[in-house]
Amino acid sequence: MSEATLSNEEIRRYSRHLIMPEVGMTGQRQLKQGSVLLIGTGGLGSPLALYLAAAGVGHIGLVDFDVVDESNLQRQIVHGSATVGMLKTESAKVRLHDLNPHIEVTTYETQITSANALEIMAPYNVIVDGTDNFPTRYLTNDAAVMLGKPNVYGSIFRFEGQATVFSPKDGGPCYRCLYPEPPPPGLVPSCAEGGVLGVLPGVIGTIQATEAIKLITGIGETLVGRLMLYDALAMRFRELKLRRDPACPVCGDNPTVTALIDYDQFCGILPEVNNLSNQYEITPSELAEWLQRDDRPYLLDVRNPYEVEIAAIPGTDKVIPVDQLPERLSELDSSREMVVYCRSGARSGSAVELLKRAGFRKVKNMVGGVLRWADDVDSSMAKY
Amino acid sequence: MAVTITIPTALRQFAGGSASVALDAEDVGALLRGLVEQHPSLGKQIFGDDGKLRSFVNIYVGDEDIRYLQGEATPVKDGETVSIIPAIAGGA
């Protein structure tokens, strides 16, 4: 590739970089020649895309299949009220070109899968993992290892974030050295019930952007071999040592993962909503009608108290968060028929399973949760 | 003095909301068993049905992964911090 040159206009734009010896004309040309693929254009992807574009990274790839939703704007700052409903990749591209018209932006309106990952990632120098689910994280990691590319990792949960750089090519570990296999569905809190402080992805995404810029320009010390932990509530950064595991299934001495794997998607997917209720299910409309009758059921909400504050079904008899249910079964009225609900029907579904195992027979899950109650029964109810 | 175990945000709901728990123990295994005794619902999160640590949960003594020390037999001293670091996936 021929060396990139900077126009006078670009020199003016990047002057605060150029007057630092650590970057200078050489570093800025490297940035212009550099390319970064961002997997996810959401919470982490937003600050990443903005800062990398502003810094003058010559080619930015954006992978996302989602559209901008109002509830994204609390943290996904690359998007705006005017782009609600637009593809996230398109919304981001418009913003990035406004911020810096000298860069190239390529969009991929797709989900990364075993079939397309290598092809999408191949043209880029640096891969950045800003996705929101385990299957894509493992896929991104494995493909980056196979292609010998650094993978700038960041993840967030509520008030807490993690960041590092995985680069087995440079002697460092990969994601599977840290966690060999993804957790099975149901054992980690799902994205929707997790929640996130809006500014948190700003901090972690900006750390990822810093690392991507250092990888392209070769300056400083990267996070290879170090896991950065950030706790926003305590306002504390910590660092843990990471080592390459010689027995790692993908980057180890005798790898057992030699082809890409599509793990089952289990985060962000709502349980299937059907209109026919079986013995252990009831629709919101059916429940609304039943609650008016004299034989009304015992109504159990298995959400957390702070969710109940946002919206609840009138006449709820009891609130017990699903994870406390095993220890609090004695508080329930087992003599009456029971209906259990939550936000989307997922937690209440597992609560019904638990109650059935505990011997409760006359128990039903309200399918679709309060979200569907708001759609079908009470349009004045807030959706969250 | 005792050993402090830090509980990550994702697991606090299984530990009565606590961010850390202080316990006396000789090694990491005894420490974690003591923790699970206090908060039984943490057990399923940290240990699999085979009684081994789950593959998506790592335990650190100070800044070192116990897999590169002596595993659950890693000794712990008064005043040390043991961290439970689970895989988290959020990003959107």
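How many residues of chain B are in contact with chain A, and with how many residues of chain A?

Reply: The model is predicted, so local features need pLDDT of at least 70 and side-chain atom pairs count only at pLDDT 80 or more, while totals for chains, interfaces and linings use all residues. Residues are numbered from 1 along each chain as its sequence is written, and chains are lettered from A and ligands numbered from 1 in the order in which they are written.

In chain B, 21 residues are in contact with 35 residues of chain A (C-beta atoms, placed from the backbone, within 7 Å). On the side of chain B that touches chain A, the elements giving two or more residues are α1 (9–12), β3 (57–61) and β4 (64–65) of chain B. Helices (H or I, at least four residues) and strands (E, at least two) are DSSP runs numbered from the N terminus. By type, the residues of that side of chain B comprise 11 nonpolar, 7 polar and 3 charged; Ala, Val, Leu, Ile, Met, Phe, Trp, Tyr, Cys and Pro count as nonpolar, Asp, Glu, Lys and Arg as charged, and the others, Gly among them, as polar.

These elements belong to a chain with 3 helices and 5 strands, arranged along the sequence as β-α-β-α-α-β-β-β. Chain B has a radius of gyration of 12 Å, close to the 12 Å that the globule rule gives for 92 residues, so it is as compact as a globular protein of that length (taken over C-alpha atoms; the rule is 2.2 Å times the number of residues to the power 0.38). Its C-alpha atoms fill a box of roughly 40 × 25 × 25 Å along the principal axes. Among contacts in chain B between residues at least 6 apart in sequence, 50% join residues at least 24 apart.

Strand β4 (residues 126–129) of chain A runs parallel to β5(A), joined by 3 bridges (pairing requires at least two DSSP bridges); here Ile127(A) has Asn151(A) as its bridge partner. With helix α7 (residues 134–147) of chain A, β4(A) and β5(A) make a right-handed β-α-β unit: with the strands pointing away from the viewer, the path from the first strand over the helix to the second runs clockwise. Strand β6 (residues 160–166) of chain A pairs with β5(A) in the antiparallel sense over 7 bridges, and Ser155(A) stands opposite Gln162(A). The hairpin of β5(A) and β6(A) has 2 residues between the strands, and Arg158(A) takes a positive phi near 55 degrees there.

Also in chain A, 13 of the 18 residues of helix α10(A) are buried, so this helix is largely enclosed by the rest of the structure. Gly218(A), with a positive phi near 70 degrees, follows α10(A).

Notes:
Two residues are in contact if their C-beta atoms, placed from the backbone, lie within 7 Å. A residue is buried if 20 or more other C-beta atoms lie within 10 Å of its own, exposed if 12 or fewer, and partly exposed in between; C-beta atoms are placed from the backbone.
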